[in-house]
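Reader: I would like to go through a protein structure step by step. Please show it first, and then I will ask about it.

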Amino acid sequence: MPDRHASGVAEGVGSLSQGERALTPSLQGDGFTLRPWHADDLESLLHHANDPAVSRGLRDRFPYPYTREDGEAFLAGRVLAPGTLNLAIEIDGHACGSIGAQPGTSERGHTAELGYWLGQSQWGQGVMTRVVALFAPWVMDELRLFRLQAEVLDFNEGSARVLLANGFAEEGTARCAVYKRGVLHDLRRFARVRSKLP
């Protein structure tokens with residue numbers, strides 16, 4: 001893959017440049033496909049993302065309400081940091097969620113932050129567990145990572161279960177770390193690591 005720390009975000013879709021998108025394969029999972037975002041995913045993105053229950057556990061860069069302008073900014077590559085490898089979760093021909101990894105830089109370039117979301121209509125079916133099972137080992141090899149980490153707000157037991165089911169170990173809790181929608185939350189950290197690259 002190309003150097004994902006290079007710029008070129010303005011021409012990207014979801015954070016991948018045109019060239020990166022052409023070189024990023026689709027990954028076929030059990031009942032879903034992981035693939036680069038397309039400009040024509042806008043209506044599906046708006047349908048699934050404009051939900052307070054979806055945005056509740058995510059960073060504020062994923063807003064609610066999720067407007068057309070928010071979706072257009074995301075698909076134009078103006079939301080995620082340069083170098084982020086972010087893929088759409090396609091189910092039955094529609095993009096209904098997203099999963100991505102944002103690599104660190106310099107001495108932390110061997111680490112990436114995992115993030116994901118899924119439209120509420122797909123909750124409770126084990127989809128995200130299967131998505132992470134496919135994406136995590138692939139992205140660790142693709143980005144040559146020793147460590148893939150994720151942070152989960154204290155109330156999000158479902159996301160914690162997804163990570164634990166996929167070989168992530170809980171490493172600790174940052175107390176009173178996030179103030180979101182008028183409520184103070186602890187932040188749990190999980191990581192999947194290896195000491196050698198294949």
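Reader: Which residue takes a positive phi in the hairpin of β3 and β4?

Author: This is a predicted model, in which local features need pLDDT of at least 70 and side-chain atom pairs count only at pLDDT 80 or more, while totals for chains, interfaces and linings use all residues. Residues are numbered from 1 along each chain as its sequence is written, and side-chain values use heavy atoms, leaving out hydrogens and water. Helices (H or I, at least four residues) and strands (E, at least two) are DSSP runs, numbered from the N terminus. The hairpin of β3 and β4 has two residues between its strands, and the one with a positive phi near 55° is D92.

Reader: How many helices and how many strands are there in the protein?

Author: Along the sequence the pattern reads α-β-β-α-α-α-β-β-β-α-β-α-β-β. The count is six helices and eight strands.

Reader: Which strands are the edge strands of the sheet?

Author: Strands of a sheet pair through backbone hydrogen bonds, either parallel or antiparallel. Here two strands pair if DSSP finds at least two bridges between them. The open sheet has eight strands in the order β1-β2-β3-β4-β5-β6-β8-β7, with mixed pairing. Each edge strand pairs on one side only, and these strands are β1 (27-28) and β7 (169-180).

Reader: Which residue in β4 is the bridge partner of L87?

Author: β3 (residues 85-91) is joined to β2 (residues 33-35) by three antiparallel bridges, and R35 has A88 as its partner in β3. β3 also pairs with β4 in the antiparallel sense, over six bridges. In β4, the partner of L87 is I99.

Reader: How many residues of β3 are buried?

Author: A residue is buried under 20% relative accessible area, exposed over 50% and partly exposed in between (1.4 Å probe, protein chains only). In the protein, buried residues make up 48% of the 198 residues. β3 is mostly covered, and of its seven residues the number buried is six.

Reader: What is the bridge partner of G100 in β5?

Author: β4 (residues 94-103) pairs with β5 (residues 111-118) in the antiparallel sense, over seven bridges. In β5, the partner of G100 is G115.

Reader: What angle does the direction of helix α6 make with that of β8?

Author: Axes are lines fitted to C-alpha atoms, for helices over the stretch in contact, and angles run from 0 to 180 degrees between N-to-C directions. Contact means heavy atoms within 4.5 Å. Helix α6 (residues 157-164) packs on the sheet and touches β5, β6 (147-153), β7 and β8 (183-193). The angle between the directions of α6 and β8 is about 10°.

Reader: Which residue has a backbone oxygen 3.2 Å from a polar atom of the side chain of N166?

Author: N166 is found in the loop between α6 and β7, and N166 counts as buried because its relative accessible area is 8%. Not counting residues up to four places away in sequence, N166 touches T129, V132, A133 and R192. The backbone oxygen at 3.2 Å from a polar atom of the N166 side chain belongs to T129.

Reader: Why is L145 classed as buried?

Author: L145 is found in the loop between α5 (127-142) and β6. Beyond four places in sequence, the residues that L145 touches include V139, M140, R194 and L197. L145 is classed as buried because its relative accessible area is 0%.

Reader: Which side chain makes a polar contact with the side chain of R68?

Author: R68 belongs to helix α4 and is partly exposed, because its relative accessible area is 36%. Leaving aside neighbours within four places in sequence, R68 is in contact with L42, E43 and L46. A polar contact is a pair of N or O atoms within 3.5 Å; within protein, one must be able to donate a hydrogen and the other to accept it, and residues adjacent in sequence count only if both atoms are side-chain atoms. At 2.8 Å, the partner of the R68 side chain is the side chain of E43.

Reader: How many disulfides does the structure hold?

Author: A disulfide is a pair of cysteine sulfur atoms within 2.5 Å. C96 is buried because its relative accessible area is 1%, whereas C176 is exposed because its relative accessible area is 51%. The number of disulfides in the structure is zero.
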